[in-house]
Amino acid sequence: MKTVFFTGATGGLGELCVRTLSRRGWQVFAAGTNRGKLNELEQLPHVIPLHANVRDMDSLIAAKEKVLEYTDRLDAVVNFAGISVFSSLVEGEAIPLMEKLMDINVLGTARVNALMIDLIEKGHGRIINCSSTVGWSASQPFSGAYCASKRAIEAYSDSLRRELMFIGIPVIKIQPGAYQTELLSGVDDDYLKTLKGTTHYQTVLRRLKFVMDKVLGAAGDPQDLANIVVRALEDKRPRLKYRKGTGFLMWLMSALPDRLLDWGYRMVLKVPWGNSAT
Ligand SMILES: NC(=O)c1ccc[n+]([C@@H]2O[C@H](COP(=O)([O-])OP(=O)(O)OC[C@H]3O[C@@H](n4cnc5c(N)ncnc54)[C@H](OP(=O)(O)O)[C@@H]3O)[C@@H](O)[C@H]2O)c1
């Protein structure tokens, strides 16, 4: 039976992946902190729920010890634990929020991979890291911490791949577009909080809401993404990256020169020149 250690297993995308993998006969070590969700996952065939916080090395070590009760090798590690936040980079709780986000999205992934590497090596396994469209496309205002974390995941994954290729371990990036999960539904609350607290961006934020609703309203079917993760896990010769769900607008933005894109933002948000943004 194929084995995978899966973080973010209790999330919208992760849970669907776990359910799909369980149906396909994988043994899934499903990690998360939400005990209710972990209990639900325990009902699935071949799923072993593990309470683990990716910010806390001790809890990851305890999770690894549990894995070792079942096996000393893994066919894969999948890093899906992640959070997002809509906030300014200079107002409100900017720095504590960014620290938390980097700790979960970037360092959490690095901790898991470093800890599990001996099991992956023994299993001739592979590593899958979750990036995002914003990991490779244009960075957005008011989601700077998230964009920076996913850019970091891209760079980290590329370096890791070029390091682990010498010991035969593939490193694969998943680059999802927008999918309706709690990660996206939290954006509305964050938006209102940011709007309430801002001294600089009242006008810009009010106008940005329309664009946000358009982009987030076009979210894809999460099962499509789960199917892509299964492919990344089961393809004999996996690709370096699997991209799914990127809308036309993000493709266009990635192709535009930065200054033109900045101008586009000004036009759309009707703040054409200067800083008359309040
Ligand atoms: N949804 C999208 O549109 C989208 C787009 C691009 C990329 N992604 C990426 O896809 C991944 C999954 O996102 P999702 O949409 O499924 O989000 P979600 O429903 O909010 O799930 C987030 C997952 O991360 C876990 N997590 C958060 N903090 C953690 C911590 N400190 N320790 C352990 N686990 C932690 C949560 O587990 P607990 O609740 O149990 O702690 C949950 O399983 C993320 O990396 C996200 O950046 C999502």
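## Residue I120

Leaving out residues up to four places away in sequence, I120 touches L74, V77, G125, I127 and I169; two residues touch, or are in contact, if their C-beta atoms, placed from the backbone, lie within 7 Å. I120 sits in helix α4. Because 22 C-beta neighbours lie inside 10 Å, I120 counts as buried (20 or more other C-beta atoms within 10 Å; 12 or fewer is exposed, and in between is partly exposed).

## Basis of the model

This is a predicted model, in which local features need pLDDT of at least 70 and side-chain atom pairs count only at pLDDT 80 or more, while totals for chains, interfaces and linings use all residues. Residues are numbered from 1 along each chain as its sequence is written.

## Helices α4 and α6

The axes of α4 (residues 94-122) and α6 (residues 144-164) come within 9 Å and cross at roughly 20°. Axes are lines fitted to C-alpha atoms over the stretch in contact, with angles from 0 to 180 degrees between N-to-C directions. Helices are DSSP runs of H or I with at least four residues, numbered from the N terminus. The two helices are therefore roughly parallel (angles under 35 degrees).

On the α4 side, the contact includes L97, M98 and L101, and on the α6 side it includes A145, Y146 and S149. By class, this contact has 12 nonpolar, 4 polar and no charged residues. Ala, Val, Leu, Ile, Met, Phe, Trp, Tyr, Cys and Pro count as nonpolar, Asp, Glu, Lys and Arg as charged, and the others, Gly among them, as polar.

Methods:
Parallel < 35°, antiparallel > 145°, perpendicular 65-115°, else oblique.
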